[in-house]
Amino acid sequence: MFDHPEYDGHESVTYVSERASGLHAIIAIHSTVLGPAGGGVRMFDYERTDLALTDALRLSKGMTYKAAMSDLPFGGGKAVVIGDPARKTDRQFEALGDAIEALGGRYFCGEDVGTTPDDMAVIHRRTSYVVGLPGKTGDPSPATAEGVYVSILAAVAHVFGSSDLRNRHVAVQGLGNVGARLVELLAGAGARLTVADLDTSKVDRARARFGAAAAAPEAIHKVAAAVFSPCALGAVVNDSTVDEIGARIICGSANNQLATPQHGRLLHERGVVYVPDYVASVGGAISAMRERIDYVEGEYKRRIAGVGERVRQLLERSVTAGEPPAQAADAIARSIVEAAHG
């Protein structure tokens, strides 16, 4: 593992196997320098276990950077459960709760792709190190969508001189909980929409409700738009797609949108402004942290609104330094973590 290309000085990687339930999971803790490692539980039917490890390493590092860039008092972690979410069982999540409890508070979890607040409630039967529980902060998707929305406003203002979205064309990939809410916010601001999702019923609803156009999931990145917003799975910008991006701006909630850092540099050379996913998608983490931080009145909403200002500052720094936004953001996040090391 220490030679893995995504290994970045991770503090620990725990492999979890429980015979009775059939649980196979990986819990990666990237850093606890800024506080306990926080990160969602992702369940996905990976074709190979090495792909699950890659996801766990990349996503946990992204959570460290997300917290650092947003001044949240936690580090980065991620739990990846290998399996089909349609076949998950309570027994599996209870076993995962036991594994999280055994880490003694170094990692706390929330929901992610393939899991729900109800799954968090099952994990909570065995450990207190859970956020996003039903009846508390619950589903973080609306807050994530709000953060992406204000990030899009900031990026549009940076590129076009105004944050007005009326008649601006936005292509949204993925109409899950975050993507669907984002489409609603964009439509309310007057944006012209093109959407894509593997579930055609979700596309049909967006077309009927918002007058959105439809694109094939494998082709939506080619749409000539002001903004391309990836809200599905990661690595959408890769060797095959990087020269096909049709938008001036990429800003969405999907984790790890760049297959490699080199793809961020290629976008920059083409004049495509990429807003790093861990900067734009922090709204869900801000929401979930209400269960661990006593926000003063109004601070939660101010933190969500502040995501847009952070994007504005990042894009200005990118221009001043002549470097891709992803590179600039990584440098800022690393400096914050290194300073905390002392």
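Which helices each supply at least two residues of the lining of the second largest pocket? In this predicted model, they are helix H1, helix H7, helix H8 and helix H11. Their residue ranges are tabulated below.

| Helix | Residues |
|---|---|
| H1 | 49-69 |
| H7 | 261-270 |
| H8 | 277-280 |
| H11 | 325-341 |

**The pocket**

The second largest pocket holds about 500 Å³ of space. Its lining consists of 24 residues, and Arg58, Lys61, Pro261, Tyr278 and Asp330 lie nearest its centre. By class, the lining divides into 10 nonpolar, 6 polar and 8 charged residues.

**The packing of H10 and H11**

Helix H11 also packs against helix H10, which covers residues 299-321. The angle between the two helices is about 110°, and their axes are 9 Å apart. Angles of 65 to 115 degrees count as roughly perpendicular, and H10 and H11 are therefore described as roughly perpendicular to each other. On the side of H10, the contact involves Leu314, Leu315, Arg317 and Ser318; these meet Pro325, Ala328, Ala329, Ala331 and Ile332 in H11. The residues of this contact comprise 7 nonpolar, 1 polar and 1 charged.

**The sheet**

Strands of a sheet pair through backbone hydrogen bonds, either parallel or antiparallel. Here, 6 strands form an open sheet with parallel pairing, in the order S8-S7-S6-S9-S10-S11. Strand S8 (213-214) and strand S11 (273-274) are at the edges; each has a single partner strand, so one side of each is left without a neighbour in the sheet. Within the sheet, strand S9 (residues 227-230) runs parallel to strand S10 (residues 249-250), and 2 bridges join them. Phe228 has Ile250 in S10 as its bridge partner.

Definitions and conventions. Residues numbered from 1 in each chain as written. Predicted model: local features only at pLDDT ≥ 70, side-chain atom pairs only at ≥ 80, totals over all residues. Heavy atoms only, no water. Pairing = 2+ DSSP bridges. Helix = DSSP H or I, 4+ residues; strand = E, 2+ residues; numbered from the N terminus. Axes fitted to C-alpha atoms, helices over the stretch in contact; angles between N-to-C directions. Parallel < 35°, antiparallel > 145°, perpendicular 65-115°, else oblique. Contact = heavy atoms within 4.5 Å. Nonpolar A, V, L, I, M, F, W, Y, C, P; charged D, E, K, R; others polar. 1 Å grid on protein atoms, 1.4 Å probe; cavity = no way out; pocket = protein on both sides within 12 Å on 5 of 7 lines; lining within 4 Å. Points joined across faces, edges and corners; volume = space filled by probe spheres on them.
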